[in-house]
Amino acid sequence: MSLDRALTQWRELLGRERVLDQAAAMSSYGADCGAARRRIAAALRIGDALQVPDAVRIALAHGVAFSPVSTGRNWGYGTALPAADDCVLLDLSELRRIVHFDAEMGVVTVEPGVTQGALSEFLSAGSHPFMVPTTGAGPDCSLVGNALERGFGITPHADHFAAVTDIEAVLADGTVYRTALREMAGDELARLFKWGIGPYSAGLFTQGSLGVVTRMSIVLARRPATVQVALFGLEHDGLLEPAVTAVRKVLSTLPGLVGGVNLMNRHRVLAMTAPYPRDRLGPDGLISEAALVALGRQLQIAPWTGFATLYGTPRTVAAARKEVKAALAGVATRLVFVSPRL
């Protein structure tokens with residue numbers, strides 16, 4: 001392996017300011033919310049998707065391992081840290097083009113740097129009646145990165161990779177992968193038909209290292225007339241099992257009307273809603289169970305909180321509310337429905 005020679009060629013390809021040495025790479029990308037640590041050999045900041053094949057060929061020629069990252073903010077699935085030490089990071093966060101949008105069918109084609117927030121702004125600016133496939137990772141999370149990790153959300157298309165119709169990727173030798181349907185029939189048909197023709201190969205790029213995905217097409221859910229959120233609490237851990245049974249019933253009887261249901265323990269809800277209680281840490285540096293219980297009571301947060309989203313027309317959502325109430329009767333407490341107006 002000759003990292004120094006690879007770095008020289010990458011600087012010629014990308015520009016010196018876009019190639020970070022180990023110290024600069026560790027400073028920019030070394031933090032991790034899970035306290036993991038990795039040695040990062042260097043980092044490349046890609047400014048144009050057309051540069052990716054040559055960057056990958058340089059890595060291959062010199063035997064340098066590299067790790068691509070979309071934005072590094074896919075919280076819950078990973079940060080910018082590579083899976084192993086001494087990799088070179090391939091930062092794709094500056095690839096922010098929305099390559100194509102089908103305003104009739106609601107199919108958007110994006111590069112890895114396009115975030116949930118960026119797509120939201122795009123749809124709002126054009127008054128397009130479609131929904132962003134959101135996650136708890138927040139507005140700065142890459143749509144491509146989350147889908148490749150098979151992310152989950154609460155919009156009607158809860159399984160984010162299931163909504164992916166087409167991808168483009170750079171393989172380890174620098175060649176460009178395109179689906180067979182795209183090669184034969186062009187972009188328009190490939191964007192609209194997920195399975196294409198022949199063996200389905202796009203799924204090989206999820207949760208793996210087969211190639212660097214540089215473009216992805218995603219089907220968006222159409223924005224419904226009515227959206228409401230159901231919030232409920234579980235007063236003790238013993239109610240979790242019957243709550244799971246009730247949630248399964250809701251999801252099976254109201255497909256499409258209920259986008260997804262999250263069951264979150266008190267610790268998680270406190271982490272989302274309250275400042276970290278540094279003044280309540282025990283001698284071991286951890287928050288005691290008693291402190292969590294006290295803080296939960298103070299903020300009226302039950303041991304478990306349920307969160308579900310209902311989508312549809314005013315009449316179908318009203319009917320769904322009755323079904324949700326019936327399913328959770330005797331299990332949930334403080335069941336409330338929240339709308340944009342309430």
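## Exercises on strands, rings and a pocket

Strand 6 (residues 107-110) pairs with strand 9 in the antiparallel sense, over four bridges. The model behind these exercises is predicted.

**Exercise 1. Classify two aromatic pairs.**

Task: State how many aromatic pairs the structure holds. Then decide whether the rings of Phe101 and Phe122 are stacked or edge-to-face.

Solution. 
- Step 1. Count. There are four aromatic pairs in the structure.
- Step 2. Take the geometry of Phe101 and Phe122. Their ring centres lie 5.5 Å apart and their planes meet at 85°. The limit for a pair is 6.5 Å between centres, and planes over 60 degrees apart count as edge-to-face. The pair is therefore edge-to-face.
- Step 3. Locate the partners. Phe101 sits in strand 5 (residues 98-102) and Phe122 in helix 4 (residues 116-125).
- Step 4. Phe101 has a relative accessible area of 15% and is buried. Phe122, at 30%, counts as partly exposed.
- Step 5. Apply the method to Trp195 and Tyr200. Their centres are 4.8 Å apart and their planes are at 70°, so this pair is edge-to-face. Trp195 is exposed at 51%. Tyr200 is partly exposed at 31%.
- Step 6. Ring pairs join Phe101, Phe122 and Phe130 in a cluster.

**Exercise 2. Find the charge over the rings.**

Task: Name the rings whose faces lie under Lys194.

Solution. 
- Step 1. Lys194 lies over the face of Phe161, at 4.6 Å from the ring centre.
- Step 2. Lys194 also lies over the face of Trp195, at 5.5 Å from the ring centre.

**Exercise 3. Describe the packing of helix 3.**

Task: List the buried residues of helix 3 and the elements they pack against.

Solution. 
- Step 1. Helix 3 covers residues 52-61; its buried residues are Val52, Pro53, Ala55, Val56, Ile58 and Ala59.
- Step 2. These buried residues pack against helix 1 (3-14), strand 3 (66-69), strand 4 (87-91), strand 7, strand 8 (176-178) and strand 9.
- Step 3. Look past the end. Gly63 follows helix 3 and has a positive phi, near 65°.

**Exercise 4. Buried or exposed: which is Ser70?**

Solution. 
- Step 1. Ser70 is in the loop between strand 3 and strand 4.
- Step 2. The relative accessible area of Ser70 is 13%. Buried means under 20%, so Ser70 is buried.
- Step 3. List contacts, leaving out residues up to four places away in sequence. Ser70 touches Asp91, Leu92, Ser93, Pro112, Ser142, Val144 and Gly145.

**Exercise 5. Survey the largest pocket.**

Task: Which strand gives the most to the lining of the largest pocket?

Solution. 
- Step 1. The largest pocket holds about 1000 Å³ of space.
- Step 2. It is lined by 48 residues; Ser67, Pro68, Val69, Glu149 and Gly208 are the closest to its centre.
- Step 3. Helix 3, strand 3, strand 4, helix 5 (143-148), strand 7 and strand 9 each supply at least two lining residues.
- Step 4. Strand 3 gives the most, with four residues.

Methods: Residues numbered from 1 in each chain as written. Predicted model: local features only at pLDDT ≥ 70, side-chain atom pairs only at ≥ 80, totals over all residues. Heavy atoms only, no water. Phe/Tyr/Trp six-rings, centres within 6.5 Å; stacked < 30°, edge-to-face > 60°. Buried < 20%, exposed > 50% of the residue type's maximum accessible area, 1.4 Å probe, protein only. Lys NZ or Arg CZ within 6 Å of the ring centre and 35° of its normal. Pairing = 2+ DSSP bridges. Contact = heavy atoms within 4.5 Å. 1 Å grid on protein atoms, 1.4 Å probe; cavity = no way out; pocket = protein on both sides within 12 Å on 5 of 7 lines; lining within 4 Å. Points joined across faces, edges and corners; volume = space filled by probe spheres on them.
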